[in-house]
Amino acid sequence: MRIKCPLCGERDRREFYYQGAAIALNRPAPDAGDEAWNDYIHNRENPAGRTKDLWHHEAGCSAWLVVERNTVTHEIYGVELAEDVKRGSKNAD
Amino acid sequence: MADYIAKTPCDGLLPQTIGSLTLTETAVDRMTSFMPWKGREKTASKALKAACGVAFPGPNETSASGDVQAIWTGRGQCFILGVELPDGLSAEGALTDQSDAWAVMSLRGDAAVDVLARLCPVDLRDAAFKPGDTVRTEMQHMMVSVTRMDDGFQIMVMRSFAKTAVHDLTETMKAIAARA
């Protein structure tokens with residue numbers, strides 16, 4: 001598996017560390033209520049198909065990335081800097 | 001007051017010559033990391049150029065002026081080698097002294113690229129990696145900075161990895177030399 005880092009270019013999977021669903025970027029407001037916070041912290045989709053994850057380019061540029069990929073075919077649709085996703089208010093889920 | 005005896009990171013380990021390959025330590029008396037504050041990337045690059053003659057390098061790039069070298073080392077970060085940076089530059093970004101914290105080595109020889117091909121999961125051949133190009137990658141499991149020089153590769157690892165890095169490099173040099 002190879003991931004195309006927006007800064008470094010296409011790199012081997014060994015350079016990256018997997019964090020989990022990119023939902024982590026959509027932090028609820030402090031007063032969003034127990035249900036929203038329970039969802040945010042504990043509940044995850046387990047899709048057979050498209051999913052968005054957070055990856056850390058640990059041995060490369062140290063950037064956090066949002067990788068959209070397919071859990072069935074392993075196809076990677078796109079990679080963006082998590083910073084761009086967050087600041088651009090793009091939907092990360 | 002006692003005088004301390006400074007030892008370089010690869011003291012007692014290098015230089016080594018194996019076949020036609022040589023691995024030597026590069027003495028760097030000053031090394032500083034520079035991370036521009038958010039939103040000040042352009043002014044930081046100008047200030048850096050005014051201070052020491054090199055601009056902030058883009059991803060996978062280096063810039064050099066005389067003995068001063070700026071190596072891109074990650075998102076929003078570069079290392080400046082060979083010069084003491086003025087404190088005033090901290091108005092533009094975070095300056096951290098890295099002198100003595102990194103082992104800097106040079107690998108030379110026709111088969112140098114074959115040695116690194118066994119250790120790093122990046123294409124470092126001539127067509128893809130030209131003099132002045134740099135990558136952050138891993139060498140075995142060590143975070144490493146590899147820069148192409150005119151006559152070889154400059155390899156930097158954190159000082160605590162010096163012995164492991166020299167071991168991995170020299171063992172691979174032996175394997176490559178044995179096949180020559």
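**A walk through two chains and their contact**

Let's start inside chain B, at Phe129(B), which is buried with a relative accessible area of 3%. Keep in mind as you read that this is a predicted model. Phe129(B) has an aromatic partner in Phe153(B): the two rings are stacked, with 6.2 Å from centre to centre and 10° between the planes. Phe153(B) is buried as well, at a relative accessible area of 2%. Both residues count as buried because their values fall under the 20% cut-off.

Over all chains, the structure holds five aromatic pairs. Another one of them joins Phe79(B) and Trp102(B), and this pair is edge-to-face, with 5.2 Å between the centres and 85° between the planes. Here too the pair links distant parts of the chain, since Phe79(B) lies in strand β6 (residues 77–81) of chain B and Trp102(B) in strand β8 (residues 102–108), with 23 residues of separation. Phe79(B) and Trp102(B) are both buried.

Staying in chain B, have a look at Ser45(B) in helix α1. Is this serine buried or exposed? Ser45(B) is buried, because its relative accessible area is 17% and the cut-off for buried is under 20%. Setting aside neighbours within four places in sequence, Ser45(B) is in contact with Val54(B), Ala55(B) and Phe56(B). With Phe56(B) there is a polar approach to inspect: the backbone nitrogen of Phe56(B) lies 3.0 Å from a polar atom of the Ser45(B) side chain.

Next comes Arg40(B), in the loop between β3 (31–36) and α1 (41–52) of chain B. Its relative accessibility of 34% makes Arg40(B) partly exposed, a label that applies because the value falls between the 20% and 50% limits. Which residues does Arg40(B) touch, not counting those up to four places away in sequence? They are Ala91(B) and Glu92(B). The side chains of Arg40(B) and Glu92(B) are joined by a polar contact of 3.0 Å. For a sense of scale, the C-alpha atoms of Arg40(B) and Arg125(B) are separated by 35 Å, and these two residues are 85 residues apart along the chain.

Now over to chain A. Its secondary structure comes to two helices and six strands, arranged along the sequence in the pattern β-β-β-α-β-β-β-α. The C-alpha trace of chain A spans about 40 × 30 × 20 Å along its principal axes. Of the 93 residues in chain A, 38% are buried. If you take the contacts in chain A between residues at least 6 apart in sequence, 48% of them join residues at least 24 apart.

A polar atom of the Asp12(A) side chain lies 2.9 Å from the backbone nitrogen of Arg14(A). Beyond its neighbours within four places in sequence, Asp12(A) is in contact with Met1(A), Arg2(A) and, in the other chain, Pro121(B).

That last residue brings us to the contact between the chains. Chain B and chain A bury about 1200 Å² between them, with 51% of that area on carbon and sulfur atoms. On the chain B side, Arg75(B), Pro121(B) and Glu138(B) lose the most area to chain A, together 44% of what that side buries. Chain B contributes 13 residues to the contact, and chain A also contributes 13.

How many salt bridges are there between chain B and chain A? The count is two. In one salt bridge, Lys38(B) pairs with Glu83(A), and the closest N and O atoms are 2.6 Å apart. In chain B, the elements that give two or more residues to the side touching chain A are β5 (68–74) and β9 (134–139). The largest share, four residues, comes from β9(B). By type, the chain B side divides into six nonpolar, three polar and four charged residues.

Technical notes
Residues are numbered from 1 along each chain as its sequence is written. Chains are lettered from A and ligands numbered from 1 in the order in which they are written. This is a predicted model: local features need pLDDT of at least 70, side-chain atom pairs count only at pLDDT 80 or more; totals for chains, interfaces and linings use all residues. Side-chain values use heavy atoms; hydrogens and water are left out. Contact means heavy atoms within 4.5 Å. Buried area is the accessible area (1.4 Å probe) that two parts lose on being put together, summed over both. A salt bridge is a side-chain nitrogen of Lys or Arg within 4 Å of a carboxyl oxygen of Asp or Glu. Ala, Val, Leu, Ile, Met, Phe, Trp, Tyr, Cys and Pro count as nonpolar, Asp, Glu, Lys and Arg as charged, and the others, Gly among them, as polar. Rings of Phe, Tyr and Trp (its six-membered ring) pair if their centres lie within 6.5 Å; planes under 30 degrees apart count as stacked, over 60 as edge-to-face and the rest as tilted. Buried means under 20% relative accessible area, exposed over 50%, partly exposed in between (1.4 Å probe, protein chains only). A polar contact is a pair of N or O atoms within 3.5 Å; within protein, one must be able to donate a hydrogen and the other to accept it, and residues adjacent in sequence count only if both atoms are side-chain atoms.
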